[in-house]
Amino acid sequence: MKLFKKYYTCTSCGKAICGTKRTFFACPMCGNAVCRKKEIKDFDDKYCTNCGYDLSSAIKKAKALLKEEEIN
């Protein structure tokens, strides 16, 4: 399961639409961009706004992966 995907982002608002390609935390169920990778530490939502999938366990895994990347 891939938790981070790259999306094109809007240069004015930063949402995953067009513009500069950035890495986002993606919903494991539908693939919708949920939040930017660097903002996952402060992300509080528990459900995907697109499909309603419970993101709790995926967010924990993503935070663990980021912590592991910082160590290496």
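Two strands count as paired when DSSP finds at least two bridges between them. Keep that rule at hand for the views below, which come from a predicted model: local features need pLDDT of at least 70, side-chain atom pairs count only at pLDDT 80 or more, and totals for chains, interfaces and linings use all residues. Residues are numbered from 1 along each chain as its sequence is written, and side-chain values use heavy atoms, with hydrogens and water left out.

**View 1**
Let's begin with the overall picture: the chain has 1 helix and 3 strands. Helices (H or I, at least four residues) and strands (E, at least two) are DSSP runs, numbered from the N terminus. The radius of gyration is 12 Å, close to the 11 Å that the globule rule gives for 72 residues, so the chain is as compact as a globular protein of that length. Here the radius is taken over C-alpha atoms, and the globule rule is 2.2 Å times the number of residues to the power 0.38. Along its principal axes, the C-alpha trace spans about 30 × 30 × 20 Å. Of the 72 residues, 31% are buried; buried means under 20% relative accessible area, exposed means over 50%, and partly exposed is in between (1.4 Å probe, protein chains only).

**View 2. Strands S2 and S3 form a hairpin.**
S2 and S3 run antiparallel and are joined by 3 bridges. Look for Phe24, whose bridge partner in S3 is Arg36. Between the two strands of the hairpin there are 6 residues, and Gly31 takes a positive phi near 85 degrees. As you follow a strand, remember that in a regular strand the side chains alternate between the two faces of the sheet.

**View 3. Phe4 and Phe25 make an aromatic pair.**
The count of aromatic pairs comes to 1. The ring centres of Phe4 and Phe25 are 6.1 Å apart and the planes are at 65 degrees, so the pair is edge-to-face. The pair links distant parts of the chain, with Phe4 in strand S1 (residues 4–8) and Phe25 in strand S2 (residues 21–26), 21 residues apart. For the rule itself, rings of Phe, Tyr and Trp (its six-membered ring) pair if their centres lie within 6.5 Å; planes under 30 degrees apart count as stacked, over 60 as edge-to-face and the rest as tilted. Both Phe4 and Phe25 are buried.

**View 4. Lys37 meets both a ring and a carboxyl group.**
Lys37 lies over the face of Phe4, 5.2 Å from the ring centre. A charge sits over a ring if NZ of Lys or CZ of Arg is within 6 Å of the ring centre and within 35 degrees of the ring normal. Lys37 also forms a salt bridge with Glu69, their closest N and O atoms being 3.4 Å apart. This pair links distant parts of the chain: Glu69 is in helix H1 (residues 56–71), while Lys37 is in the loop between strand S3 (33–36) and H1, 32 residues apart. Lys37 is partly exposed at 23% relative accessible area, and Glu69 is partly exposed at 48%.

**View 5. Lys41 and Glu70 form another salt bridge.**
The count of salt bridges comes to 2, where a salt bridge is a side-chain nitrogen of Lys or Arg within 4 Å of a carboxyl oxygen of Asp or Glu. The side chains of Lys41 and Glu70 meet at 2.7 Å, N to O. Lys41 is in the loop between S3 and H1 and Glu70 is in helix H1, 29 residues apart, which links distant parts of the chain. Are Lys41 and Glu70 buried or exposed? Both are exposed.

**View 6. The cysteines form 0 disulfides.**
A disulfide is a covalent bond between the sulfur atoms of two cysteines; here the test is a pair of cysteine sulfur atoms within 2.5 Å. Cys27 is in no disulfide, and its nearest cysteine sulfur, that of Cys51, is 3.7 Å away. Cys27 is buried, with a relative accessible area of 2%. The sulfur of Cys48 is 3.8 Å from the closest cysteine sulfur, in Cys30, which is too far for a bond. Cys48 is buried as well, at 5%. Cys10, in the loop between S1 and S2, is buried at 15%.
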